[in-house]
Structure formats: structure tokens, C-alpha cells
Amino acid sequence: MKISVFGLGYVGCVSLGCLAKNGHHLTGVDVSSFKVDLINNGQPTILEKDIDTIIKENHEQGRIKATLDAKAAVLDTDLSIICVGTPSSPQGHLNLSYIYKTAEQIGEALKDKDRFHVITIRSTVLPGTNEKFGKIVEEFSGKERGKHFSVVSNPEFLREGTAVKDYYNPSVTVVGGDHEQALEMVASLYQELDAPIKKTDIRIAEIIKYVNNSYHALKIVFANEVGNICKTMGIDSHKVMELFCSDTHLNISPAYFKPGFAYGGSCLPKDLKGLVTLGHDNYLYTPVLSGIEASNENQKKSAFELVTKSGKKNICFVGLSFKEGTDDLRYSPSVDLAEMLIGKGYNITIYDENVHMSKLIGANEAYINERLPHLSELLSTDLEAAIKNNDVIIVNHRNFEGCKYFDLLKDKEVIDLVRVDELKELPQYAGLCW
């Protein structure tokens, strides 16, 4: 395939070399004559392991060249990859002027091009950039997105120092777009790599790198705070984290990575507080660990605000325990939500097939008697009647078989805290964070 790469910095240079090594013919485009000259002399624009050899060999074989002429590059290629810089401001906003200037250049070039052209954004950009990029191309070209060209989002996950290795050994390749032919063309660039290719929505592709890197930063800070606590207690922090990482069922795994309602139960709140207290007692500042509970409380507040926006006072809870399949009410976020609503004058009905006042004992009974002392008056054993007699239905458990009650739910406001997908078809459905 004939490909033009806009921006010959870190990502652009690696993309130029690796795609040429895979047999494609590449034209690099940059505003810097110095970078263009380097490429045209078979030299890389960056210092990176293996890239010098790759650029040199593929330049000698006639698969790599560079130019200052954006229009010529677009007219001579089938696909353009955007790798221009998107520097960040101190406030976290991106400077997208280089991205949009490139859109103008490509738009101008497409005025004189009859063939369908695919544009791929590799630069790190915020959600919405792809859409705006396409509109600029339409404005400057007079062409129509989806008919004459398409814009695909294809984020890179390259680390400095191992960029070539990362290019050829990705965990996953992400392509987001709204045109199947264009998606297929971009996906074909990576068909030789031993990694899954995930086709997805444009905005998902645009945000995923931010999510990935923010989590990587979180992992580092989490490990450091654990290490600081361990050091003050004479514990080998590396052995602790080595043991932590050996759990691939819950710790290093997809477990818990589903946006939804707050955590609860008898273990997570207690043990988190215990670790934070260990740090505090040893005069350590642990802002990440200490901030977890505050973030969890904020999720409860978000659920409360969803209910108040309905403007209705009769509320039915489907599920009260902290997790389906149990009657454990200790530190259940649903109990906290019910308590908040009752305090604001809402009328609450609760259906939970596992919660029976006669069977609550010990700490579980003591907890609910303190938080919802009149629980027995709120419980219903008839879910159908509970739905009929209320205006807002709050779904707290994933095992709720909503399809059985669709006719009843059509006229109700349904607030889903756990994501029961079949409920999304309801006319007055609201998900907590989706």
C-alpha cells in the first residue's frame, strides 16, 4: 500500500520505518526541512533502538522517502497517517492546532483527487477530534465524508526506548471508525502482528489511551504508597507486591473493571480504612489510598442525584444487599442510598429476595437496625406489586430479570446502577455511568 505519514517525530518516524519494513511504500511529510532531509538520507529523526537500521535499509530499498509537499503526498498515496504533535498545556488541554492544520492541508489536496482516501489519526487526541477533523477536510475539499474520504482513529501505544518492539508486539490494536472499507484498510496494516485487532466506535478509540495511561500512573502511585507504608513497618514491599501480582484471578485481571455503583460489604471498606490508618499512624501521607473512599461516596451521590432529577417521590429498590445472592447489608451502598432518600422525604419500597428480617442476625442485623430501623415496613415480597405502586425503579442487582416486567416498566423511570443491558430499551431508562 502507498502511505503518507504526516509528522516525522517519535510516532511518525517509528510508523514510517515499521510499515516500510512490512512491505509498504511510505512518504513522510513534515514542515521541518531538517527532518525531511534526514529521512531522504536514510537516517531517522529520533534516537530509538533499531529504528536507524530499519530506516536505512528501507530507504535503500526505495520504500521510504520524505517531502515538504503535503498535497503531492496525498495525491500519491491511498492512506494518510496523522502523527503530528499534540502538546499539552499546564491545565491538561491539548494544543490541536497542528492536527487541524493537517486537516486543512489534506482537504486542499483532496480537491484534486478522484480516488477514495483514508485518513488515520495516530496522534493522541481528545474525543471529538476525529469528528472535527473530518468537518475541516470537508470544508477545505468540498468532498463528503464517507463518500470521498474517511477518518479512522488508530491510537498508538509506543513507549520510548522500546517503541519498535512495542510496534511489533502490541497487546491489542484499536481502530475506530464509521466506514467499514476504511476500517478494513487500516486493520490490514496490522494483520501480520500477533495481536487482536479491535474495531470500535471512534470516541472509544480516542479516549482509550488516556484511560490506559491514567491507570498506569495509578498503578505506580498505588505501589509507591504501599511501599512507603511497608518500609515504615520493616516489611519488604517488593515481596508484598510480588505476592499481590501472583493473584491473576482478582488483582491482575479484568475483575472489578466494570463501571457501576459504589463498592460495599464487610471487607473492602474495613480493610481499606485499615491500610490508610496504618499509613496515618506512621505519619505518612497516602492521598491515593485516602481518596478511594471519597470517590466511592461520590458515586453514591451521583445515584442520589439521578433519583432527585426524576422529580418523583415513590421509589422502588430492586436489591438492597451489597451484592446479589447474599443477605449481607453491611456497608451496602444501596442501604446508604435508601437512607439518603428517606432523609429527604422519599417513599421507599424495597424488594430483595434474600433479605428477610426474621433471618438477619449478628452484625448484619445490628447494622441495618442502626441505618434503616424501619426496614420491615419497607420490605415487599411481591416484586410485581412493588413496581406497579412506584414511579422510579432503582435496579441494584444484575440478576434482575427485567424482560419479565417490561410491560410494567415501560411507564416507569428506571435507574440502572449495575448495567442490565436488556433494560436499555425502556423509554425512560437511565444508566448510572453509561
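Ile235 is partly exposed, because its relative accessibility is 40% (buried means under 20% relative accessible area, exposed over 50%, partly exposed in between, with a 1.4 Å probe and protein chains only). In this predicted model, local features need pLDDT of at least 70 and side-chain atom pairs count only at pLDDT 80 or more, while totals for chains, interfaces and linings use all residues. Residues are numbered from 1 along each chain as its sequence is written, and side-chain values use heavy atoms, without hydrogens and water. Ile235 lies in the loop between helix H9 (202-232) and helix H10 (237-245); helices are DSSP runs of H or I with at least four residues, strands are runs of E with at least two, and both are numbered from the N terminus.

The largest nonpolar core has 38 residues (buried Ala, Val, Leu, Ile, Met, Phe, Trp, Tyr and Cys residues joined through side-chain atoms within 4.5 Å). Ile3, Leu16, Leu26, Leu79, Ile81, Val118 and Tyr167 touch the most other members. Helix H1 supplies the largest share of this core, seven residues. Beyond four places in sequence, Ile81 touches Ile3, Ser4, Val5, Phe6, Leu19, Thr120, Arg122 and Leu189, contact being heavy atoms within 4.5 Å. A second, separate core of 28 residues includes Phe261, Ala262, Phe304 and Ile350.

The whole structure contains zero disulfides (pairs of cysteine sulfur atoms within 2.5 Å). For Cys13, the nearest cysteine sulfur is that of Cys18, 9.0 Å away. Cys13 counts as buried because its relative accessibility is 0%. For Cys230, the nearest cysteine sulfur is that of Cys245, 13 Å away. Cys230 is also buried, with a relative accessible area of 8%.
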